[in-house]
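Work through the exercises below with the model open beside you, and try each task before reading its solution.

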Amino acid sequence: MQIKLADSCGFCFGVKRAIRLAESNRDSITMGELIHNHRETERLREGFGVRIANSICEIASNSRVIIRTHGIERETRAKLGEITQDIIDATCPYVTKPQKIAETMSGEGYFVVIYGDRMHPEVKGVLSYAGERAAVVADAKELLSIKTGDRVALISQTTKAISSFNLIASALLERVSELRIFKTICNATFENQEATRNLAKEVDMMIIVGGKNSSNTKQLYTIAKEVCSQSYLIEDATELQAQWFSGKSVCGISAGASTPDWIINEVIKKAKDF
Ligand code: SF4
């Protein structure tokens, strides 16, 4: 069995930065999961005393709080400022950018359309900056049920696929007279997606490693599956199954932006054993 790792995969710039901030601020509290990887947040808790608060009520006054990579809602940020001034902002700069765009466009009277997953913390955060006249769509079909008016600004969740974003932009162009398009998909995501697609074309099977609540990991899995039907999504090596490897000669491995190298290496090692 030959194992091939995608040319670009695993930790991105924003996640590396957040992990560095957490490791250098022992015993702090993260507002929500710092990154979407349960084992890595567990490592930070065990090794550095970094705990997770799932709501603002769990934060004692004057605690040191780290804002997660996906950012938080504007109202939550304001409330947090009333509880503590000791705030370290690990929001990825590529997430801060769509938040600012949403605020500016809404202030200029545009209806803001956000392409993304409405339950994702990043999207909830961006939406909170967009004011009343805004909507989240999962695809172009969902635009049909939304009254946008004639001036629209379009933003994407950072980890979404460019192909679907283009479809939404085209659908909007047909119905509004003024459209501002902001390509807020981040390069790290784009590079991982391209590398996964290319690798999936060369192999018999693909393993995508990452948190099952991680948007960019799920996106990689969808892309891999489109090209290589024998694709599997796992969080770590314990989920690998021997029968997946039966009769296969080349296995490709890729990983989401919040998957640390140590988890990828465990998967490679176990796959080699199979
Ligand atoms: S995937 Fe992109 S937007 Fe998300 S944390 Fe990484 S660098 Fe930032």
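This is a predicted model: local features need pLDDT of at least 70, side-chain atom pairs count only at pLDDT 80 or more; totals for chains, interfaces and linings use all residues.

**Exercise 1. Determine how many cavities of 30 Å³ or more the structure holds, and describe the lining of the largest cavity.**

Step 1. The count of cavities at or above 30 Å³ comes to three, and the largest cavity has a volume of about 290 Å³.

Step 2. The largest cavity is lined by 24 residues, of which Cys-12, His-70, Thr-158, Thr-159 and Asn-216 are the closest to its centre.

Step 3. Going through the elements, one finds that α1 (13-23), α4, α7 and α8 (215-227) each contribute at least two residues to this lining, and that the largest share, three residues, is supplied by α1.

Step 4. Sorted by class, the lining of the largest cavity comprises 10 nonpolar, 13 polar and one charged residues.

**Exercise 2. Locate the ligand and characterise the residues that surround it.**

Step 1. The space that the ligand takes is the largest cavity.

Step 2. The ligand is surrounded by Cys-12, Gly-14, Cys-92, Tyr-94, Thr-158, Cys-186, Thr-189 and Ala-257, and this shell divides into five nonpolar and three polar residues, with no charged residue.

**Exercise 3. Compare the second largest cavity by volume, lining and residue class.**

Step 1. The second largest cavity has a volume of about 40 Å³.

Step 2. Its lining is made up of Asn-37, His-38, Arg-39, Gly-210, Gly-211, Glu-235 and Asp-236.

Step 3. By class, the lining of the second largest cavity contains four polar and three charged residues and no nonpolar ones.

**Exercise 4. Describe the largest pocket, and decide whether Cys-186 and Lys-183 in its lining are buried or exposed.**

Step 1. The largest pocket has a volume of about 150 Å³, and its lining consists of Tyr-94, Lys-97, Pro-98, Ile-162, Lys-183, Thr-184, Ile-185, Cys-186, Asn-187 and Phe-190.

Step 2. The lining of the largest pocket divides into six nonpolar, two polar and two charged residues.

Step 3. Cys-186 counts as buried because its relative accessibility is 10%, which is to be judged against a limit of under 20%.

Step 4. Lys-183, placed in the loop between β9 (178-182) and α7, counts as exposed because its relative accessibility is 59%, the limit here being over 50%.

Step 5. The C-alpha atom of Lys-183 is separated by 29 Å from that of His-38, and the two residues are 145 apart along the chain.

**Exercise 5. Which backbone angle is positive in Asp-27 and in Asn-62, and where does each residue lie?**

Step 1. Asp-27, a residue other than glycine, has a positive phi near 60°, and its place is in the loop between α1 and β2 (29-31).

Step 2. Asn-62, which is not a glycine either, has a positive phi of about 65°, and it lies in the loop between β3 (51-53) and β4 (65-67).

Step 3. Asp-27 is exposed because its relative accessibility is 59%, and Asn-62 is exposed because its relative accessible area is 62%.

How values were computed: Residues are numbered from 1 along each chain as its sequence is written. Side-chain values use heavy atoms; hydrogens and water are left out. On a 1 Å grid over the protein atoms alone, a cavity is a set of points where a 1.4 Å probe fits but cannot get out, and a pocket is an open set with protein on both sides within 12 Å along at least five of seven lines; lining residues have an atom within 4 Å of a point. Grid points are joined across faces, edges and corners, and a volume is the space filled by probe spheres set on the points. Ala, Val, Leu, Ile, Met, Phe, Trp, Tyr, Cys and Pro count as nonpolar, Asp, Glu, Lys and Arg as charged, and the others, Gly among them, as polar. A residue is near a molecule or strand if one of its heavy atoms lies within 4 Å of it. A molecule sits in a cavity or pocket if more than half of its atoms lie within 2 Å of its grid points. Buried means under 20% relative accessible area, exposed over 50%, partly exposed in between (1.4 Å probe, protein chains only). Helices (H or I, at least four residues) and strands (E, at least two) are DSSP runs, numbered from the N terminus.
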